[in-house]
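Thanks, everyone. I would like to talk through the pockets in this model and then turn to its aromatic rings.

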Amino acid sequence: MIKNRWSKTIFLITGKFKKITTLKKKLKNSLFYKHKVLVLRIKSPDLDINEILSVVRKFCKKNNIPLILNIPDKLNYKADGYHLQASELNKKISISPNKILGASCHNREEILLAKELGCNYVFLSPIIKKYNSDPIGWNNFFKLRDEFSEMAVIPLGGVNEKNAMQESFAGISHWWDLQNF
């Protein structure tokens, strides 16, 4: 069973944006959700991370939303937690025990690595076929979730409010694309 802390949590992962004004408008979509965590995901090296962090931190503080960073050099910035890519699971990570640590996983072996690092949660994906993905499906998700019952295994990938088979899940397009700016 999922740890109680995350049992009803929606992990809202930020999507792509080029302008701060777009980011500010998109963040407002998060206010439609009750139990949420914001995962700031930045892949583009040409964005001003310090400016983005300033905006996102103010928004999260004002709305009492935990902030998890999934950005380049994430451990060099202050946040409530950090999210590791599967490619980072072999690295030695040292963070304060009061910080949240999560990871992206796609199979049992990656979940084992995340567990060894002491992750509080993992996103297991993709669950449902979307674009050219090769989904693991709900049956395999539940098997892995049950096998790793000591940590929160959160479904990601094609999952939204209408098709989620548990109260907690993670996603991007189900909330980020509510408004197109």
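Let me start with α5, which gives the most to the lining of the largest pocket, with 3 residues; helices here are DSSP runs (H or I, at least four residues) and strands likewise (E, at least two), numbered from the N terminus. Please keep in mind that this is a predicted model, in which local features need pLDDT of at least 70 and side-chain atom pairs count only at pLDDT 80 or more, while totals for chains, interfaces and linings use all residues. Residues are numbered from 1 along each chain as its sequence is written, and side-chain values use heavy atoms, with hydrogens and water left out.

The largest pocket has a volume of about 1,000 Å³, where a volume is the space filled by probe spheres set on grid points joined across faces, edges and corners. A pocket, on a 1 Å grid over the protein atoms alone, is an open set of points where a 1.4 Å probe fits, with protein on both sides within 12 Å along at least five of seven lines, and lining residues have an atom within 4 Å of a point. Of its 40 lining residues, Thr-14, Gly-15, Arg-41, Lys-43 and Ile-172 are the closest to the centre.

Now to the rings, of which there are 8 aromatic pairs (centres within 6.5 Å; planes under 30 degrees apart are stacked, over 60 edge-to-face, the rest tilted; for Trp the six-membered ring is used). Tyr-121 and Phe-123 have ring centres 5.0 Å apart and planes at 40 degrees, so this pair is tilted. Trp-175 and Trp-176 pair edge-to-face, at 5.2 Å centre to centre and 75 degrees between the planes.
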